[in-house]
Amino acid sequence: MANIHPTAIVDAKAELADSVSVGAFTTIGPNVRIGEGTSIGAHCVIEGVTTIGRDNKIYQFASVGADPQDKKYKGEPTQLIIGDRNTIREFTTFNTGTVQDKGVTQVGHDNWIMAYVHVAHDCVIGDHNVIANSVQFAGHVTVGNFTLIGGISGIHQFVRIGDFAMLGFQTRLSQDLPPFVVAAGNPAEAQNVHQEGPRRRGYSPERLANLKAMYKLLYRKGLTLAASVDEITALKSAPEALAEGVQGDIDKMLAFLADAKRGIVR
């Protein structure tokens, strides 16, 4: 049986795995499911149609699964889905989705989400991201994997952030941030290629050199986006592209750029 503090209020219809722990004065609603090993701190509210996976640690005063902050929302049974092994710190807010999008807000696995972060309706956050204090995601934002997002940054609705991208402290991001790119400022501007994160994940020197080459074609040659795409595509035919992983990195960048409806950070 779940370890529930006597002062917590857990609806009889909620589904909690046996190894879940719930802190003092926390409230859990009827449409909530929580997986094995997850701990919920004191004074949290877990509501809405919300599914939380295994081995998450949710700290005190988090608000998880509240209605979206969208005037079009009319009480539809939209969802919030949180994966496994996430750390979710104090005063974070996670809203459910809206029917104007997929109807689901999603958080993946192994994310480190610091205090006061807001994840709005219909956001999709991938895996292994570090999101610093007070980052604010507007609705419909998509975040890839292994990103680093600096504190007190604001992300405009519908913006996409690619894998291994890095956003500096207090940045205003209103355009898409491609994979492997470091951006900072108000508004955001590209600063450099992000190589340290990939290096820590075992990227070879050949892959790191390819990331630098793609960055130069995007930001240092004075090319239009269309011309940059052509030049990055041409990298696939270079001898260096035979190194393991290089083709996949190029394909990742090209796929991201092909869907840059808002434009990319310049």
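The side chain of Asn-111 lies 2.9 Å from the backbone nitrogen of Asn-129. The model is predicted, with local features requiring pLDDT of at least 70 and side-chain atom pairs counted only at pLDDT 80 or more, whereas totals for chains, interfaces and linings use all residues. Residues are numbered from 1 along each chain as its sequence is written, and side-chain values use heavy atoms, with hydrogens and water left out.

Asn-111 is located in the loop between β15 (104-107) and β16 (112-113); strands (E, at least two residues) and helices (H or I, at least four) are DSSP runs, numbered from the N terminus. With a relative accessible area of 1%, Asn-111 is buried (under 20%, 1.4 Å probe, protein chains only). Excluding residues up to four places away in sequence, Asn-111 touches Arg-85, Asn-86, Thr-87, Ile-125, Gly-126, Asp-127, His-128 and Asn-129 (heavy atoms within 4.5 Å).

The axes of helix α2 (residues 205-219) and helix α4 (residues 246-258) come within 9 Å and cross at roughly 30°, the axes being lines fitted to C-alpha atoms over the stretch in contact and the angles running from 0 to 180 degrees between N-to-C directions. Helix α2 is therefore roughly parallel to α4 (under 35 degrees). The contact comprises Glu-206, Arg-207, Asn-210, Leu-211, Met-214 and Leu-218 of α2 and Val-246, Asp-249, Ile-250, Met-253 and Leu-257 of α4.

The axes of helix α3 (residues 225-234) and α4 come within 10 Å and cross at roughly 160°. Helix α3 is thus roughly antiparallel to α4 (over 145 degrees). Contributing residues are Leu-225, Val-229, Ile-232 and Thr-233 of α3 and Ile-250, Met-253, Leu-254 and Leu-257 of α4.

Definitions and conventions
Buried < 20%, exposed > 50% of the residue type's maximum accessible area, 1.4 Å probe, protein only. Polar contact = N/O pair within 3.5 Å; in protein donor to acceptor, adjacent residues only side chain to side chain. Parallel < 35°, antiparallel > 145°, perpendicular 65-115°, else oblique.
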